[in-house]
Amino acid sequence: MTMLSTTRLPLIRHGSPDDLFAWHDGRPVTVRGYLAAVRDLARRLPDGGFVLNLCGDRLGFVVGLGAALLRRQVSLLPPNDTPATLRQLEESYPGLVCLTDAGADYPGMTRIEALPPGGLDRLSAAALPFDDDLAFPADQVAAIAFTSGSTGRPMPQVKSWGTLVRSVHGAGTALGIAGLGSAGLVGTVPHQHMYGLESVALLALQHGLVLHAGRPLFPADIAACLGAFPDRRILVTTPVHLQALLGDGTALPPLDLILCATAPLAPQLAIDAEAKLGAPLHEIYGCSETGQVAVRRTSATAEWLCIDGIRLRQDEQGSWASGDFLDGETLLADVIELKSDTRFILHGRSADQVNIAGKRSSLAFLNHHLNSVEGVKDGVFFMPNEGESGTTRLAALVVAPGLNAETLLASLRERIDPIFLPRPLRFVDALPRNPTGKLPREALLRMLDIPQRD
């Protein structure tokens with residue numbers, strides 16, 4: 001259902017101007033300070049249709065998001081900031097302005113620092129009037145998120161303000177965020193990615209949470225960021241980051257909620273995380289095309305529950321998602337077993353299904369068993385390009401310093417059908433994961449071409 005332009009939805013839903021909104025460089029930032037920074041940046045932005053938000057600082061990012069909305073400009077959220085990606089975006093969106101952190105340099109681009117020169121204290125000293133009614137039309141285009149896809153070329157996904165807000169409200173209701181009050185929120189994922197945009201930046205804006213401006217990756221840094229908050233805490237992360245966190249053994253402050261997404265999460269990892277971190281772990285299922293679709297508590301059930309307003313149906317093409325705040329239907333790229341129009345079991349991505357010599361499996365199933373072998377720190381199966389013979393065989397890259405091919409293959413023979421054993425099998429120092437923990441196919445193929453070391 002298309003939302004009417006007369007519907008306006010607020011930028012922020014905290015209770016009062018003096019509520020804590022963010023923790024930035026070891027100092028608190030109030031709602032009043034955040035909105036003053038939004039208006040300051042809106043005044044500094046030149047006319048134009050698009051801003052390329054490259055801020056790594058989360059406070060700078062959400063200031064940029066709010067200022068662009070205020071100027072009715074669209075935030076471009078790239079999958080990375082490589083020169084090739086930035087050139088493609090400049091060609092597609094002429095005249096774009098680049099929002100950055102202080103001191104960041106992108107040669108040849110018009111650049112504006114998102115946070116005010118001189119710091120937020122300068123704005124407080126100016127005693128700017130407080131605007132507690134900053135809201136935008138539901139049908140206003142807020143952002144264009146880009147996915148790299150299988151080719152690496154950015155693919156645009158246009159998001160209206162209403163679609164983003166209603167998605168985040170639905171997820172927040174399903175997760176019980178209201179019961180956590182003004183909890184502190186720490187995320188390990190990039191906010192230019194849809195998961196980070198919705199479950200870090202917008203979750204804080206729309207549910208009265210306190211946003212940590214850092215993006216920690218190492219366990220000690222995650223612990224330090226969480227320790228900045230005196231009371232309730234939420235950690236938003238990925239299976240890869242979570243596994244590294246548990247393996248490190250760093251003690252964390254008490255948590256109240258863990259959110260996980262971007263890759264399949266093994267139930268045992270969820271169980272271990274809840275036991276060691278003392279908080280319920282929920283997964284979020286979604287995609288760039290639809291945003292958030294469903295949630296589940298992985299330790300308790302294999303079944304996913306759609307967030308409020310999302311419904312599913314199936315036909316011969318696959319599974320379709322629709323919703324009160326989505327435009328039309330979207331064909332999901334996953335194999336789904338429907339239990340009802342709002343409940344389902346996920347069996348992996350359609351592209352992950354493999355058929356070799358008449359036998360079927362999924363890459364998710366094979367990856368689970370590969371990573372369950374003792375001594376394997378990280379590993380992945382994938383389908384390489386067909387050779388001249390046209391023979392279909394799987395390949396695998398594996399990080400396992402103490403194993404050799406013979407030992408690993410012997411362990412795999414006990415777990416999977418021999419037809420799916422990897423040929424070739426490459427031992428590597430690390431897998432080429434991107435910031436959300438995913439493994440782009442092009443990066444896997446490049447690594448497969450590197451000669452195996454003795």
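Arg72 is exposed in this predicted model. Its relative accessible area is 56%, and that counts as exposed because the cut-off is over 50%. Arg72 lies in the loop that runs between α2 (58-70) and β5 (74-77). Its backbone deserves a look too. Phi of Arg72 is positive, at about 55 degrees, although the residue is not a glycine. Most residues other than glycine have a negative phi.

Thr262 also calls for a check of phi. Here phi is near 90 degrees, a positive value in a residue other than glycine. Thr262 sits in the loop between β14 (257-260) and α9 (267-277).

Next comes a peptide bond. Most peptide bonds are trans. The bond from Arg423 to Pro424 is cis, and its omega is near 15 degrees. Pro424 belongs to the loop between α11 (405-413) and β27 (425-427).

Now turn to the strands. Three of them form an open sheet in the order β18-β19-β20, and the pairing is antiparallel. Which strands stand at the edges? They are β18 (310-315) and β20 (330-331). Each has a single partner strand, so one side of each is left without a neighbour in the sheet. Strands of a sheet pair through backbone hydrogen bonds.

Look at the pairing of β19 with β20. Strand β19 covers residues 318-323. It pairs with β20 in the antiparallel sense, over two bridges. Thr330 in β20 is the bridge partner of Ala321.

Note on methods
Residues are numbered from 1 along each chain as its sequence is written. This is a predicted model: local features need pLDDT of at least 70, side-chain atom pairs count only at pLDDT 80 or more; totals for chains, interfaces and linings use all residues. Side-chain values use heavy atoms; hydrogens and water are left out. Two strands pair if DSSP finds at least two bridges between them. Helices (H or I, at least four residues) and strands (E, at least two) are DSSP runs, numbered from the N terminus. Buried means under 20% relative accessible area, exposed over 50%, partly exposed in between (1.4 Å probe, protein chains only).
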